[in-house]
Amino acid sequence: MLRRGMAIVMGVEGIVSWFGLAVTAQTPVTAARIATGLNRPVFVTSPAGDVDRLFVVEQHTGRIRIISLGDGTINGTAFLTVTGLATGNEQGLLGLAFHPDYAANGFLYVNFTANDGTTHIRRYTASSDPNLADPASALTILTYSQPQSNHNGGWLGFGPDGYLYIATGDGGGGNDNDTGHTASTGNAQDVMDNLLGKILRLDVNGDDFPIDANRNYAIPPDNPFVGVAGDDEIWAYGLRNPWRASFDRRTGDFYIGDVGQREREEINVLPGSSIGGENYGWRLREGMIATPNVGGARPPGAIDPIFDYSREGGTAQG
């Protein structure tokens with residue numbers, strides 16, 4: 001768990017029962033402070049098999065900091081500093097993922113909002129020093145425009161299948177219905193030339209676009225819109241601002257935390273057996289309910305979240 005601008009804390013009990021949704025008010029959860037002095041930390045991860053270090057994403061400084069777990073110290077020199085960031089409240093350096101074969105290839109991937117408001121997915125390579133990435137190794141994987149400064153999503157991570165999954169917000173504003181949003185449906189329900197409000201799935205070990213410097217990836221052949229109408233990169237859609245997500249390492253189930261608008265927050269799940277194409281209902285649905293002043297019936301085939309909770313009031317609120 002991250003406490004923005006203050007510290008990183010890690011829960012030591014109750015994690016399995018929480019993601020299994022068996023958590024109750026009596027479930028014991030404890031936390032231990034392991035580091036202080038970070039600037040807007042928003043994500044923490046490590047390469048597979050690295051049990052000695054935590055890599056922490058600082059949103060507005062663009063730094064990836066390393067915490068040594070042995071003594072809780074933060075390296076004085078950042079592992080990487082991404083420059084040219086937009087620094088609105090929901091912009092900046094937002095995500096980090098290490099390639100499953102990082103020990104051999106040294107590849108890491110970041111998700112950030114550039115100072116022109118565009119989202120960039122970029123690859124870097126570790127240097128000969130294991131505590132430093134090479135800033136000159138930057139390779140653009142994908143870029144896409146953001147109509148407004150909020151709802152940037154920002155999470156990215158590798159699934160059990162080795163593909164890179166990217167969570168994108170709906171482009172910002174309210175009701176998925178402002179400038180830069182598809183009229184009548186919103187971006188999240190639009191799967192034609194529109195990567196916003198989606199989960200994307202890319203093969204970063206290939207390149208189907210060799211003459212396009214801003215598209216350095218291949219399309220997994222089993223993505224749901226391959227060979228039919230819709231963007232080949234899309235794995236799932238109908239999301240508002242999927243800020244954080246996680247794969248269950250045992251089952252392969254994919255949990256997506258989607259930020260609500262005014263009434264409900266939600267947790268969606270995409271089973272490990274999924275073949276993709278799920279629609280989670282935004283902008284017509286907010287959590288389990290019709291979006292106030294916008295929504296109506298659930299879109300045909302749309303999936304309700306496995307859990308939602310109020311943004312205003314109650315013991316658990318967003």
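**Exercise 1.** State how many aromatic pairs the predicted model holds, and classify the pair formed by Phe55 and Phe98.

*Solution.* The count comes to 14 aromatic pairs. For Phe55 and Phe98, begin with the ring centres, which are 4.9 Å apart, and then take the planes, which stand at 65°. Planes over 60 degrees apart count as edge-to-face, so the pair of Phe55 and Phe98 is edge-to-face.

**Exercise 2.** Decide whether Phe55 and Phe98 are buried or exposed.

*Solution.* The cut-off for buried is under 20% relative accessible area. Phe55 has a value of 0% and is therefore buried, and Phe98, with 9%, is likewise buried.

**Exercise 3.** Describe the geometry of the aromatic pair Trp155 and Phe247, and locate its two members in the chain.

*Solution.* The centre-to-centre distance is 6.4 Å and the angle between the planes is 45°, a pair that is tilted. Trp155 sits in the loop between strand E11 (133-144) and strand E12 (156-158), whereas Phe247 lies in strand E16 (residues 242-247), 92 residues apart. Trp155 is buried, with a relative accessible area of 5%, and Phe247 is buried too, at 16%. Ring pairs also link Trp155 and Phe247 into a cluster with Tyr165, Trp235 and Phe254.

**Exercise 4.** Identify which arginine lies over the face of Trp235, and which over that of Phe107.

*Solution.* Arg201 lies over the face of Trp235, a member of the cluster, at 4.1 Å from the ring centre. Over the face of Phe107 lies Arg123, at 3.9 Å from the ring centre.

Terms used
Residues numbered from 1 in each chain as written. Predicted model: local features only at pLDDT ≥ 70, side-chain atom pairs only at ≥ 80, totals over all residues. Heavy atoms only, no water. Phe/Tyr/Trp six-rings, centres within 6.5 Å; stacked < 30°, edge-to-face > 60°. Buried < 20%, exposed > 50% of the residue type's maximum accessible area, 1.4 Å probe, protein only. Helix = DSSP H or I, 4+ residues; strand = E, 2+ residues; numbered from the N terminus. Lys NZ or Arg CZ within 6 Å of the ring centre and 35° of its normal.
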